[in-house]
Amino acid sequence: MLGVYISDDELELLITDLHDIYGYDFSDYSRASLRRRFERLYSIDKYLSVAELRYRIRTDADYLKRVIEEITVNVTEMFRDPTFYKTLREEVLPLLATHHFIRIWHAGASTGEEVYSMAIMLHEANLLNKSLIYATDINPSVLETARKGIFPLTKMKQYTENYIASGVQRDFSNYYAAKYGHAKFNEEFGKRVIFSTHNLVSDQTFNEFQLIVCRNVLIYFDKVLQDRVFQLFNDSLDTFGFLALGTKETLKFSKVVKEFKLLKPGEKIWRKTI
Amino acid sequence: MAQDNLEKKIKLLVIGGSAGSLRVIVGVLPHLLSPLHVAIIIVLHRKNTHEDLLTEVLAPKTILQLKEAEEKEAILPGVIYLAPADYHLLIENDHTFSLDASEKINFSRPSIDTTIESAAYAYGDGLACLLLSGANTDGVAGMKIAKSQNAVIAIQAPQSAEMPTMPYGASISMAIDHVLFPNEIAEFINNLS
Ligand SMILES: C[S@@+](CC[C@H](N)C(=O)[O-])C[C@H]1O[C@@H](n2cnc3c(N)ncnc32)[C@H](O)[C@@H]1O
């Protein structure tokens, strides 16, 4: 960012501080993105030197929350990439429907737009009542927002377009109540969701799932960490379970790829074969 | 055109464009010669991100390999990379790509500023940037950073641009090394090495 430049060495010091003092390990994250995020924090909070930023981080435990909020990228959308949701609806949900109980994990769920999209699709397929969605993220603040299920009303136009593009003809506005510039999603959706912090870098598997959705999180990780997370997902999936990644992410070069089959060319959904 | 020694160490060219730039690029691509000694990254603003056919449109126009940049991919000379729709394209110090889904910058994702800025830190004076036609000023701030890292700065001649705002914005913000008309761009690129 113009006017601020955090050098390679300074960036490593900031990463080391977060690890040594608070146990948050960002050492396997993409440096170009981390630098931008730290530079952004530096500008917004008007620091005069990197030393001053480091001092605040090292001495003010309350400030850590803000640092985690700002250096993670939490941008998300409902029904982002409509063809992805179309494939989920048409080709994945019918297979999940055969289970007595469906467990889905959204890893890196951010403020929950993706989770509510999933809950709406499950509802439409009459599967919501027998489903449980685990929505996790490293950043506790975004999960607070997700729990509320309240999103800016200004976004609904685009979300409705995405929803329709995903191939449904229902009235999207039935799913939320508009009030004071906000859209509050019906409570039935949130009821089937467990929101919890979970750090993909350091936390273990906590259940077995039929579907794991982790989109636009792995782009921030280096290859070594990506492979570790793929292993974690592999360990957390039922046989014949599904793993869904972001449009620009792939399992192709991972160590676990042999245990998966691509559901269909062009979509980033894999099915575990063993 | 004066191709001085400055251009002899260029490893990467980033081309940024918005409204009115696609036509320029389509005109330049057929004239690029193989082998090309630098890597090229093209960052273009586009409206429709759901159906993105830019790679399919541009690849047949050149004998060089033209592909969408993939995350973690190593940047190689002689290859033309397109920034994918709906992500920012970042360059790591080890000359690989990262993708980033963060906020739009200048109402754009991909943003030209973001790619040029990270390329400036990763390539320093091994970077050249070229800003084409556009109705906003995305790219100008990035070029200023690139300039501070001794990158080579080029713009499309504003009077030749369908939308001059972008190259003009650059021209009033810093000293420009090369002001190019569309029919001079291919030669400029072919001479980079
Ligand atoms: C760009 S958002 C993606 C949101 C959503 N999945 C989507 O694709 O729209 C990335 C999310 O990953 C989270 N994240 C980053 N590092 C993480 C980690 N180590 N463990 C869990 N979540 C992480 C961030 O906090 C952020 O909310």
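**Around the ligand**

In this predicted model, a nitrogen atom of the ligand has a backbone N or O atom of A:Gly108 at 3.0 Å, a polar contact (a pair of N or O atoms within 3.5 Å; within protein, one must be able to donate a hydrogen and the other to accept it, and residues adjacent in sequence count only if both atoms are side-chain atoms). The protein buries 98% of the 610 Å² that the ligand exposes when taken alone, with accessible areas from the Shrake-Rupley method and a 1.4 Å probe.

The shell around the ligand comprises 8 nonpolar, 9 polar and 3 charged residues; here Ala, Val, Leu, Ile, Met, Phe, Trp, Tyr, Cys and Pro count as nonpolar, Asp, Glu, Lys and Arg as charged, and the others, Gly among them, as polar.

Turning to charge pairs, there are 28 salt bridges over all chains, each a side-chain nitrogen of Lys or Arg within 4 Å of a carboxyl oxygen of Asp or Glu. One of them joins A:Lys65 and A:Glu69, with the closest N and O atoms 3.7 Å apart. Both residues belong to helix α4 (residues 63-71) of chain A, where they are 4 residues, about one turn of the helix, apart.

Residues are numbered from 1 along each chain as its sequence is written, chains are lettered from A and ligands numbered from 1 in the order in which they are written. Local features need pLDDT of at least 70, side-chain atom pairs count only at pLDDT 80 or more, totals for chains, interfaces and linings use all residues, and side-chain values use heavy atoms, with hydrogens and water left out.

Definitions and conventions
Helices (H or I, at least four residues) and strands (E, at least two) are DSSP runs, numbered from the N terminus.
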